[in-house]
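Subject: Handover of a structure and the findings on it

Dear colleague,

Please find the structure below, followed by an account of what was found in it.

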Amino acid sequence: MLRAGCRAALPRRPPRGSALLSGAGGRRPGEGEAEAGLKRTPLDALHRSRGGRMVPFAGWSLPLHYGQGHLQSHLHTRRCCSLFDVSHMPQTWVYGRDRVRFMESLVVGDIAELKPGQGTLTLLTNERGGIVDDLIVTNTSEDHLYVVSNAGCADKDLAIMRISVPAGRAVELAEQLLAVPEVWPAGLAARDSLRLEAGLCLYGNDIDETTTPVEAGLLWTLGKRRRTAMDFPGAAIIMAQVKEKPKRKRVGLTSVGPPIRPHTAILGPEGTPVGTVTSGCPSPSLGKNIAMGYVEAAHSQAGTELTVEVRKKQHPALVTKMPFVPTQYYMAK
């Protein structure tokens, strides 16, 4: 829907529009799927020339990892820097005098407070308080809002430095960046393990239309003014959860033994199910298993001892504060 005085440019997908490059996952793609019919980003040839193992991801062909492998790529990104191609993510330009009001009718964030050139993570919610998508909304200095959304949610929609360039110049820019010895290319595998170490949600795994910002621990995305006005989709349900506390919460878990994968059952002290894992992998930085999932609120306190059921065997798991690895985000002043 569009309000009077506002128009939104159609989402642009990079082979026709522009390319996005990011400084450092997605649900692991089916490795057996054929590449026929997959879309390719402007950097596709560059990925292949550098030994990228290409796999299907949200309808696109993207690199899972390069010759150095997932572990080395992950650790290198922690030590130095890596280049990840996010050109598959839709980009939308929103114009018009009511563009802020229009965007705030869809998301929970305080878009009006953004300064020119400033962006924020925000959530697109439905009337049930569920999360339709997580977006990056930037208030540009050129009289429009710039929105980056998830490729997997493109049909439903109209982290971390991102650089947007015309598709015809994407390879040139990538080659210049990769000419710096400290910069390596990174694939989907490293991106997924890095975001999990940082405790960041992945849409489709950790958040979706059945989870609310309160349950997901994303209450910080709700602007204070928006909480008072309650003028965003699902506000009544979301604000009621703020006051009454949710019945379940997203938590971090650490464990030893076999890796914890999505859909793994989380069991309480008496062996009864209290939740489910939504993301999990061995942490290259910590040398142990990490995961996140949703558990009943009574079992969500950090330090709570639980168990996870992997291959029909139970293994100890500890509720752990996130991020698992301290973040060192660059914050522009």
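Two strands are said to pair if DSSP finds at least two bridges between them. Helices (H or I, at least four residues) and strands (E, at least two) are themselves DSSP runs, numbered from the N terminus. In this sense four bridges join β4 to strand β5 (residues 60-63), the two running antiparallel, and Val-55 stands opposite Leu-62 in β5.

The model is a predicted one, in which local features need pLDDT of at least 70 and side-chain atom pairs count only at pLDDT 80 or more, while totals for chains, interfaces and linings use all residues. Residues are numbered from 1 along each chain as its sequence is written, and side-chain values use heavy atoms, with hydrogens and water left out.

Sheets and hairpins

Strands β4 and β5 belong to an open sheet of three strands in the order β3-β5-β4, with mixed pairing. In this sheet β3 (39-40) and β4 (54-57) stand at the edges with a single partner strand each, so one side of each is left without a neighbour in the sheet.

The hairpin of β14 and β15 has five residues between the strands, and Gly-271 takes a positive phi near 85° in it. Strand β15 is also joined to strand β16 (residues 289-296) by seven bridges, and these two run antiparallel. Thr-276 stands opposite Tyr-294 in β16. Six residues lie between the strands in the hairpin of β15 and β16, where Gly-287 takes a positive phi near 75°.

Strand β15 (residues 273-282) is mostly covered, with seven of its 10 residues buried. Buried means under 20% relative accessible area, exposed means over 50%, and partly exposed lies in between (1.4 Å probe, protein chains only).

Nonpolar cores

A nonpolar core is a set of buried Ala, Val, Leu, Ile, Met, Phe, Trp, Tyr and Cys residues joined through side-chain atoms within 4.5 Å. The largest such core has 16 residues, of which Ile-131, Ile-207, Ala-216, Leu-218, Leu-222 and Phe-232 touch the most other members. Helix α7 (residues 235-244) gives the most to this core, namely three residues. A second, separate core has 14 residues and includes Phe-57, Leu-62, Val-86 and Met-89.

Contact means heavy atoms within 4.5 Å. Not counting residues up to four places away in sequence, Ile-207 touches Ile-131, Asp-134, Cys-201, Leu-202, Ala-216, Leu-218 and Tyr-294.

Helices

In helix α4 (residues 170-178), Ala-170, Leu-173, Ala-174 and Leu-178 are buried. Seen down the axis of α4, these buried residues fall within an arc of 130°, so they line one face of the helix. The arc is that of the directions from the helix axis to the C-beta atoms.

In helix α2 (residues 69-79), the buried residues are Gly-69, Ser-73, His-74, His-76 and Thr-77. Their arc, seen down the axis of α2, is within 165°, so they too line one face of the helix. The buried residues of α2 pack against β6, β12 (183-185) and α5 (188-197).

Leu-46 is found in helix α1 and is buried, with a relative accessible area of 5%. Leaving aside its neighbours within four places in sequence, Leu-46 is in contact with Val-171, Ala-174, Glu-175 and Leu-178.

The largest cavity

A cavity is a set of points, on a 1 Å grid over the protein atoms alone, where a 1.4 Å probe fits but cannot get out, and its lining residues have an atom within 4 Å of a point. Which residues lie nearest the centre of the largest cavity? Among its 10 lining residues, they are Leu-43, Leu-46, His-47, Tyr-66 and Leu-83. The largest share of the lining, three residues, comes from β6.

Backbone details

The peptide bond from Met-322 to Pro-323 is cis, with omega near 5°. Lys-245 has a positive phi near 75° without being a glycine, and is found in the loop between α7 and β13 (248-255). Lys-312, likewise not a glycine, has a positive phi of about 65° and is exposed, with a relative accessible area of 82%.

Yours sincerely

Terms used
1 Å grid on protein atoms, 1.4 Å probe; cavity = no way out; pocket = protein on both sides within 12 Å on 5 of 7 lines; lining within 4 Å.
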